[in-house]
Amino acid sequence: MIDAVLTGLTMPTSSGNLTTSTVTLLGHEMGPVLFDTAAWNQRIALTGQLALRNLAPEDVTAILLTHLHWDHCMNFDLFPNARLMIPEAECRRVRDGGLDPATPAYILDLVRDHARAETFSSGEVLPGVHALQTPGHTAGHMAFMVLSGEINVAITGDALATRSDAAAGVPSTVFGDQDSARESAHQLMSRADVIVPGHDSPFQPTPGMPAVVNPFSHTVGEIHGQH
Ligand SMILES: [Zn+2]
């Protein structure tokens with residue numbers, strides 16, 4: 001079972017973009033796994049959505065982060081029993097001074113303070129969960145592929161943040177290398193049956209502007225079953 005418990009969005013305002021990000025839940029043999037933990041302003045919504053699924057924060061066994069931008073990786077402190085799994089390449093980026101406007105300098109101190117923090121590289125990071133290097137949005141960005149039944153689901157973070165990114169073939173925000181960002185987007189679009197993006201609802205990777213596959217239910221199995 002894969003479920004986008006929070007779906008992100010970006011809304012322009014006169015005070016800058018109002019941003020929320022996607023948090024995806026995987027029912028794993030080892031226990032519930034979260035992909036990203038969203039921004040501060042989603043903290044109450046995150047625990048509330050888990051409670052609707054009869055999950056307490058203590059039940060979460062692992063958190064996998066796509067990257068270290070503030071809007072994707074806060075709130076991990078809510079999950080005391082979870083392994084906090086951070087892309088090694090993202091840690092290296094920040095450690096080597098690769099900060100950008102969305103990466104606070106103190107982020108490495110925060111994640112290091114978590115009792116169960118660890119890093120990962122590409123490959124099978126949990127049974128059935130494969131991490132892919134998807135540089136471009138940030139130099140160390142990672143995405144994840146999960147097989148749900150016969151459906152290849154890509155949890156893409158900001159390597160494909162929105163359906164507009166998919167239509168353009170490149171994320172709209174690139175802090176790293178533009179060519180790498182385009183290649184990462186192409187890799188994800190060509191390998192996945194369903195995309196769970198960082199700031200939008202799940203969609204299927206079709207040419208042109210993909211439609212939201214089901215705006216009312218974000219359970220990926222249900223979404224795919226309608227097509
Ligand atoms: Zn980002």
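What percentage of the 227 residues in the chain is buried? Buried residues make up 46% of them, where a buried residue has 20 or more other C-beta atoms, placed from the backbone, within 10 Å of its own. The structure is a predicted model, in which local features need pLDDT of at least 70 and side-chain atom pairs count only at pLDDT 80 or more, while totals for chains, interfaces and linings use all residues. Residues are numbered from 1 along each chain as its sequence is written.

The C-alpha trace spans about 45 × 40 × 40 Å along its principal axes. The chain holds seven helices and 13 strands, taken as DSSP runs (H or I, at least four residues, for helices; E, at least two, for strands) and numbered from the N terminus.

Six strands form an open sheet with mixed pairing, in the order β1-β4-β5-β6-β7-β8; two strands count as paired if DSSP finds at least two bridges between them. At the edges lie β1 (2-6) and β8 (117-120), each pairing on one side only. Neighbouring strands of the sheet are turned by 25 degrees against each other on average, direction ignored, with axes fitted as lines to C-alpha atoms (for helices over the stretch in contact) and angles running from 0 to 180 degrees between N-to-C directions.

Now to strand β5 (residues 31-35): four of its five residues are buried, so this strand is largely enclosed by the rest of the structure. Five bridges pair β4 and β5 in the antiparallel sense, with G27 bridged to P32 in β5. A hairpin through two residues joins β4 to β5. With strand β6 (residues 62-64), β5 runs parallel over three bridges; here V33 has A62 as its bridge partner. The path from β5 through α1 to β6 is a right-handed β-α-β crossover, meaning that it runs clockwise from the first strand over the helix to the second when the strands point away from the viewer.

Helix α1 (residues 43-52) lies across β1 and β4 (23-28), at about 140 degrees to β1. Strand β7 (residues 83-87) pairs with β8 in the parallel sense over four bridges, and A117 in β8 is the bridge partner of L84. Helix α3 (residues 88-95) packs on the sheet and touches β7 and β8, its direction making about 65 degrees with that of β7.

Key:
Contact = placed C-beta atoms within 7 Å. Buried ≥ 20, exposed ≤ 12 C-beta atoms within 10 Å, placed from the backbone.
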